[in-house]
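This briefing goes with the sequence and structure shown below. It covers a loop residue, a helix, a strand and some charged pairs.

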Amino acid sequence: TFLIAQGSITHPAFYVNEATACLFFGTYLTLALFGSLYSIVVVIGVILAVSVLFTTTLSTKKKYLPHCAIVIAALLVINLTVYFNSANYKYQGHGFEYMNGYSSVDLDDYTPYSDSGKLVTLDHEPEFMIESKADMPILDGAEACYPVYSAIAKALYKDIDVIEEENKNPEKNGEIVTFYNTVVGYNRLFQGEVDMFFGAKPSQDQIKEAESWGVELEYTQIGKEAFVFFVNEDNPIDNLTSEQVRAIYHGDITNFKELGGADEEIVAFQRPANSGSQTMMEYFMGDVTLKEPLTYEYIAAMAGIIDKVAEYYNEDGAIGYTFKYFLEGLNQESNVKILSIDGVYPTNEAIQNGEYPVVAGLYCVTVKGNDNPYVQKVLDFLLSEDGQYIIEETGHIKQITRDHSL
């Protein structure tokens, strides 16, 4: 059963266990503390113990109890071996440890009050400063954009470092310079909690959500970014065509040997729905549908089973996608290499001149009719020489001219 189920508690092989688990309080307790596979050991151990203790003679008990112990120990070893090599264990994602569960990387070095030196700053005073806290547009955005808009606020908002540090709240991710990731950030924009959102364009679902709130979105492209695909650093594949990538994610190509690589099953990871990278992937796929994403389950105490879209975990056959700055600047993944697409590697020059085929626009998204006059002033600053300097120094490509990046 363990080998057939490959550690997945939703596998049909475990239906019997799920149906009878309510009979064992110990099973539930162990399930909550250690995970599903340990609970199976508890069930089998209870059955063996009951069988030996209550259905045999004393001499038989002495004879078979050691055998029971050996069986339980063997099952435990099998459990651990299968579990630690199973998708359940390996593909649980990043864990989202920072920013109250909204971030997969530590953004502390990029807060307006950080003294790490990583936040980009100007060496001169900008043309204007917003002095009153009440006038400061509230900012939010994608994880990869936090260093950008935090630096913008540091340049334009007077004493923003003091304001943010004095108003630190464990339940909130910033007072004026906030972070709640793409999904929640866009929702906050639609509801009027945020004045300016930084990231990729919204998904079709998010556009419909904006309409349901009765808001009209305005897009200001402030920079460019490469949408990249990556594999394990030891994978011999260095280049894929756009059509090959679409075929992989549609499910037509399932082994790297079909692409001239090793005989390795392709594990094609996707991102959570409505995240910036997943939305960008949907734009990239065009009319080609994405296959059902890999999902694995893990136990969150007594709360039950939570489905989570699998993320890259340094597997030989894995392929994933994200934005270049997220991968390199924020060190989202390790032991990986970025692929060339259609024979073009995403260098800054190739991104700037459009030679790289998957260039993404970096946008500041606002709601039409926002009555804060400083929103437009910040937008103008973003496209000014100083604003473009901050965007470029943060690791993105500056927006020299407006174009039609995705």
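Gln270 sits in the loop between strand 5 (267-268) and helix 12; helices (H or I, at least four residues) and strands (E, at least two) are DSSP runs, numbered from the N terminus. The model is predicted: local features need pLDDT of at least 70, side-chain atom pairs count only at pLDDT 80 or more, and totals for chains, interfaces and linings use all residues. Residues are numbered from 1 along each chain as its sequence is written, and side-chain values use heavy atoms, with hydrogens and water left out.

- Gln270 is buried, with a relative accessible area of 3%; buried means under 20% relative accessible area, exposed over 50%, and partly exposed in between (1.4 Å probe, protein chains only).
- The side chain of Gln270 makes a polar contact of 3.0 Å with the side chain of Gln278.
- A polar contact is a pair of N or O atoms within 3.5 Å; within protein, one must be able to donate a hydrogen and the other to accept it, and residues adjacent in sequence count only if both atoms are side-chain atoms.
- A polar atom of the Gln270 side chain also lies 2.9 Å from the backbone oxygen of Lys291.

**Helix 12**

- Helix 12 spans residues 276-285 and is mostly covered, with 8 of its 10 residues buried.
- Gln278, the partner of Gln270, is one of these buried residues, and others among them are Met280, Met281, Phe284 and Met285.
- The cover over the buried residues of helix 12 includes helix 9 (181-190), helix 10 (204-212) and helix 11 (242-250).
- Strand 3 (217-232), strand 8 (318-323) and strand 11 are also included in that cover, where contact means heavy atoms within 4.5 Å.
- After helix 12 comes Gly286, which has a positive phi, near 65°.

**Strand 2 and its partners**

- Strand 2 (residues 196-199) is covered on both faces: Met196 and Phe198 on one side are buried, as are Phe197 and Gly199 on the other.
- Strand 1 (residues 139-141) pairs with strand 2 in the parallel sense over 3 bridges; two strands pair if DSSP finds at least two bridges between them.
- In strand 2, Met196 is the residue opposite Leu139.
- Strand 11 (residues 359-367) pairs with strand 2 in the antiparallel sense, over 3 bridges.
- Here Gly199 stands opposite Tyr363 of strand 11.

**Salt bridges**

- The count comes to 8 salt bridges, each a side-chain nitrogen of Lys or Arg within 4 Å of a carboxyl oxygen of Asp or Glu.
- Asp109 and Lys118 form a salt bridge, with their closest N and O atoms 3.3 Å apart.
- Asp109 is partly exposed at 29% relative accessible area, and Lys118 is partly exposed at 47%.
- Lys337 and Asp238 meet through their side chains in a salt bridge of 2.6 Å, N to O.
- Lys337 is in strand 9 (residues 336-338) and Asp238 is in the loop between strand 3 and strand 4 (239-240), so this pair ties together parts that are 99 residues apart in sequence.
- Lys337 is buried, at 18% relative accessible area, whereas Asp238 is partly exposed at 46%.
- Arg188 is buried, with 12% relative accessible area, while Glu193 counts as partly exposed at 38%.
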